[in-house]
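Q: Pick a single part of this model and take me through it closely. I'd like the local details first, then how that part ties in with everything around it.

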Amino acid sequence: SFQVENELGTLDRDDYARCQTILEHMMRNALDHGIESAQERLEAGKSSTGQVTIDISKAGADTIITLSDDGRGIDPETMRESALRKGLDIDVDALTDEEAQRLIFHKGFSTANTVSQISGRGVGMDIVLSELQEMGGDIRIESEVGRGTSFVIRVPSSITVNGALTRNEAVIELTG
């Protein structure tokens with residue numbers, strides 16, 4: 001299912017388009033990489049239906065957007081192996097687990113074994129980071145292997161999230 005919580009704020013047209021782009025790429029990533037197939041979820045003792053949640057809150061004058069899924073999480077070892085396999089010029093053994101997880105934002109990086117319409121081309125999450133940096137924002141990853149991932153986005157006070165972007169709660173089945 002898909003839930004939006006704590007909707008608030010206003011946004012000008014350019015910033016609205018940027019936030020929409022950011023959330024589109026993040027949703028694609030959650031659906032294609034985060035949420036397991038129904039069979040995998042059942043074998044892991046989870047409900048066959050995955051859940052993605054967007055929570056919007058304030059931290060001082062800034063807006064915090066948290067996109068969470070209850071999927072497989074980001075495995076730092078998988079990220080290191082993928083970086084080695086793709087020949088990225090990175091000393092993967094020197095990376096902390098948090099740094100390995102942040103490889104998801106590296107241009108051209110993907111853990112997908114095949115290219116699909118949704119992912120595998122290594123574009124998407126790098127766009128998320130570059131759009132956020134252009135707006136003066138930042139993003140943090142909180143992930144636990146087998147339990148899920150949260151991306152915590154800080155949007156500067158000059159930009160807030162439009163209620164139209166998150167108007168009403170929607171439910172989408174994410175069964176695989």
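A: Let's go with helix α5, whose buried residues are M125, D126, V128, L129, E131, L132 and M135. "Buried" here means under 20% relative accessible area, with exposed over 50% and partly exposed in between (1.4 Å probe, protein chains only). Helices are DSSP runs of H or I with at least four residues, strands are runs of E with at least two, and both are numbered from the N terminus.

Before going on, some ground rules: this is a predicted model, local features need pLDDT of at least 70, side-chain atom pairs count only at pLDDT 80 or more, and totals for chains, interfaces and linings use all residues. Residues are numbered from 1 along each chain as its sequence is written, and side-chain values use heavy atoms, with hydrogens and water left out.

Back to the helix. D126 sits in α5, which covers residues 125–135. D126 has a relative accessible area of 11%, so it counts as buried. Skipping residues up to four places away in sequence, D126 touches I104, F105, H106 and K107, where a contact means heavy atoms within 4.5 Å. At the other end, α5 is followed by G136, with a positive phi near 85°.

Now for the core. A nonpolar core is a set of buried Ala, Val, Leu, Ile, Met, Phe, Trp, Tyr and Cys residues joined through side-chain atoms within 4.5 Å. The largest one has 33 residues, and M26, F105, I139 and F151 touch the most other members. α5 gives two or more residues to this core, as do α1 (13–34), β2 (52–59), β3, α3 (76–85), β4 and β5. The largest share, six residues, is from α1.

Next, the strands. β5 (residues 148–155) is mostly covered, with seven of its eight residues buried. β5 pairs with β3 (residues 62–69), antiparallel over seven bridges, and with β4 (residues 138–144), also antiparallel over seven bridges; pairing requires that DSSP finds at least two bridges between two strands. In β5, S150 stands opposite S68 and also opposite E142. β4 and β5 make a hairpin with three residues between them, and G146 in that turn has a positive phi of about 85°.

The R80 side chain reaches the backbone oxygen of T96 at 3.5 Å.

Zooming out, the protein has five helices and five strands, in the order β-α-α-β-β-α-α-α-β-β. Buried residues make up 46% of its 176 residues. Among contacts between residues at least 6 apart in sequence, 69% join residues at least 24 apart.

Note on methods. Polar contact = N/O pair within 3.5 Å; in protein donor to acceptor, adjacent residues only side chain to side chain.
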